[in-house]
Amino acid sequence: MKNLKLVLAALVFASVSALAQAPAPVDAEQRAAVKELLDVMKFKQMMAQMSGPMMQQMNQMIDQMIESSPSARKLTPEQKSIARKAAQESSAKSSKAMTELYNDPTVIQGFEDVMARAYAKNFTTAEIKATTAFYTSPAGNKALNLMPKMMQETMPEIMAIIAPKVSAIMESATKDVVTQIEKSGKDKDAPAAK
């Protein structure tokens, strides 16, 4: 769970750092075109729905780690149950906070501003309008409507590919931290050099 917090902190830091840089100007026509595109793409709804599936997948990864990690194998079934419950409680709090974050109007406005600059930098106003036209077409509308379902259907398979690798990375990081803690404890016990 600490690693999730570190990842989230890194994402927030990167976002704040990116926003702190001088943004490229976006003219009114481009901003209006991007706003229309984001509305057609149901951007606000996507933002509001992002946290749920992400936290659900994190819960599954936590369960897998508790069951399969070498460190967790030393735990008794009761300790595993306690660890799982603590992780789920922490995840529920994080999920609630993430939902509130993604529904915060200032955050949504900030994301819209970022998207407006990104589209303006990479697309002409005509291209943005053409993209909007595609998403309002039957094929584009179908793509927008099916994308969340497709993501939900494919996420278990994607997680099955990623989870063992993430688990190995987290296990390695945990070992490194434990080793450093043990080493610093031994250093404190060592007699001071004269």
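Q: What does Val34 touch, not counting residues up to four places away in sequence?
A: Val34 touches Met115, Ala116, Tyr119 and Ile128. Contact here means heavy atoms within 4.5 Å. This is a predicted model: local features need pLDDT of at least 70, side-chain atom pairs count only at pLDDT 80 or more, and totals for chains, interfaces and linings use all residues. Numbering runs from 1 along each chain as its sequence is written, and side-chain values use heavy atoms, with hydrogens and water left out.

Q: How many residues are in the largest nonpolar core?
A: 13. Val34, Leu37, Met41, Tyr119 and Ile128 have the most contacts inside it. A nonpolar core is a set of buried Ala, Val, Leu, Ile, Met, Phe, Trp, Tyr and Cys residues joined through side-chain atoms within 4.5 Å. Buried means under 20% relative accessible area (1.4 Å probe, protein chains only).

Q: Which element gives the most to this core?
A: α2, with four residues. Helices are DSSP runs of H or I, at least four residues, numbered from the N terminus.

Q: Switching to Gln30. Buried or exposed?
A: Gln30 is buried, at 11% relative accessible area. Gln30 lies in α2 and touches Ala120, Phe123 and Thr125, leaving out residues up to four places away in sequence.

Q: And α8, which residues are buried there?
A: Thr125, Ile128 and Thr132. They cover an arc of only 60° around the axis, so they sit on the same side of α8. The arc is that of the directions from the helix axis to the C-beta atoms.

Q: What covers them?
A: The cover includes α2 and α7.

How values were computed
Buried < 20%, exposed > 50% of the residue type's maximum accessible area, 1.4 Å probe, protein only. Helix = DSSP H or I, 4+ residues; strand = E, 2+ residues; numbered from the N terminus.
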